[in-house]
Amino acid sequence: YHPGKCQLLVVREDWQAKGGDTKFGLCSSFLTFLRPGTVCVAHATHSVMQIPEDKTAPIFMAGLGTGLAPFRAFIEQRKHEKNQGHRVGPMTLFFGGRHAHAEYYYRDEFEKFEAEGLVKCCNAWSRDQKQKVYVQHKIMEQADDIWANLGREGSRGYFFLCGSKQPEKDVFAALIKIFETKGGLKNDEAHKKMESLQLAGRYVTEVY
């Protein structure tokens, strides 16, 4: 819990250009090479990633790459509230990447959070085994819990997705399938359910 501080999760961007030269991302490289004591002028922009006011509401979080950042803050906030004596709701984190050894950011912290019972971590490392596993597969494994806390009438849960835009449609499709298989909804009813969740601020995406 770091009130009053801005912490960044930055992965340096690089790629091979057509001519064979290695190119580097402008902003990520700038931040990479900053040295302690250097003054950097910046400003914060508005984010739709806002933790629910209801401390007991179940939260499902899908973080893809650096999209993990806001969910670290969510969990830290719930930990702080729990330490203050408040009852806090369950949290489930779906995090995806290629390899755990290279892309499991804040691993020690998340393992401690999980050991404390603050969050359930459902990680998808697509290249760490023969069969590729993605975030949407881990979401389907939690179908009963998601339907009970997000889809069922009277449920109070929230679903947040942050990170790469590419898997967004697969995550959406997984939720539709859960509403159909676990809730018995027809396809058009499942889509209407998702629309109502979006309008209510209970299905929130910030992808790039």
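Predicted model: local features only at pLDDT ≥ 70, side-chain atom pairs only at ≥ 80, totals over all residues.
Where is the place of Arg98?

**View 1**
Arg98 lies in the loop that links β4 (91-97) to α3. Setting aside residues up to four places away in sequence, Arg98 touches Glu103, Trp125, Ser126, Arg127 and Asp128. Lys132 sits 34 residues from Arg98 along the chain. The C-alpha atoms of this pair are separated by 9.2 Å.

**View 2. Tyr106, a residue with positive phi.**
Tyr106 is not a glycine, yet its phi is positive, about 60°. Its place is the loop between α3 (100-103) and α4. How exposed is Tyr106? Its relative accessible area is 24%, so Tyr106 counts as partly exposed.

**View 3. The crossing of α2 and α4.**
Helix α2 spans residues 69-83 and helix α4 spans residues 107-115. Their axes come within 12 Å and cross at roughly 40°. The two helices are therefore oblique to each other. The crossing is left-handed. On the α2 side, the contact is made by Arg72, Ile75, Glu76 and Lys79. On the α4 side, Glu109, Phe110 and Phe113 take part. By class, this contact has three nonpolar, no polar and four charged residues.

**View 4. Gln7, ahead of β1.**
Gln7 is placed in the segment before β1 (14-16). Its relative accessible area is 40%, so Gln7 is partly exposed. Apart from neighbours within four places in sequence, the contacts of Gln7 are His2 and Arg72. Arg72 is also one of the α2 residues in the contact with α4. Arg156 is 149 residues from Gln7 along the chain, and their C-alpha atoms are separated by 30 Å.

**View 5. Ser29 in helix α1.**
Ser29 belongs to helix α1 (residues 26-32). Is Ser29 buried or exposed? Ser29 is buried, with a relative accessible area of 11%. Not counting residues up to four places away in sequence, Ser29 touches Arg12 and Phe24.

**View 6. Lys138, a lysine in helix α5.**
Lys138 is found in helix α5. Its relative accessible area is 19%. The cut-off for buried is under 20%, so Lys138 counts as buried. Which residues is Lys138 in contact with, leaving aside its neighbours within four places in sequence? They are Phe94, Cys122, Asn123, Ala124 and Val133.

**View 7. Helix α7 and its cover.**
Helix α7 runs over residues 168-181 and has 14 residues. From its first C-alpha to its last, α7 reaches 20 Å. That is close to the 20 Å expected at 1.5 Å a residue. Which residues of α7 are buried? They are Glu168, Val171, Ala174, Leu175, Ile176, Ile178 and Phe179. The elements that cover these buried residues include the helices α5 (135-141), α6 (143-151) and α8 (187-199). The strands β6 (158-163) and β7 (203-207) are also among them.

**View 8. Packing of α6 on α7.**
Two packed helices are described by the angle between their axes and the distance between the axes. For α6 and α7, the angle is about 85° and the axes are 10 Å apart. The two helices are therefore roughly perpendicular to each other. From α6, the residues Ala143, Ile146, Trp147, Leu150 and Gly151 meet α7. Their partners in α7 are Leu175, Ile178 and Phe179. The contact divides into seven nonpolar, one polar and no charged residues.

**View 9. The crossing of α7 and α8.**
The axes of α7 and α8 come within 9 Å. They cross at roughly 120°. The pair is therefore oblique. The crossing is right-handed. In α7, the residues Phe172, Leu175, Ile176, Phe179 and Glu180 face this contact. They meet Asn187, Ala190, His191, Lys193, Met194 and Leu197 in α8. By class, the contact has seven nonpolar, two polar and two charged residues. Leu175 and Phe179 of α7 take part here, and they also meet α6. Both Leu175 and Phe179 are listed as buried.

Key. Residues numbered from 1 in each chain as written. Heavy atoms only, no water. Axes fitted to C-alpha atoms, helices over the stretch in contact; angles between N-to-C directions. Helix = DSSP H or I, 4+ residues; strand = E, 2+ residues; numbered from the N terminus. Parallel < 35°, antiparallel > 145°, perpendicular 65-115°, else oblique. Left-handed = near helix turned anticlockwise from the far one by under 90°. Contact = heavy atoms within 4.5 Å. Nonpolar A, V, L, I, M, F, W, Y, C, P; charged D, E, K, R; others polar. Expected span 1.5 Å × (residues − 1). Buried < 20%, exposed > 50% of the residue type's maximum accessible area, 1.4 Å probe, protein only.
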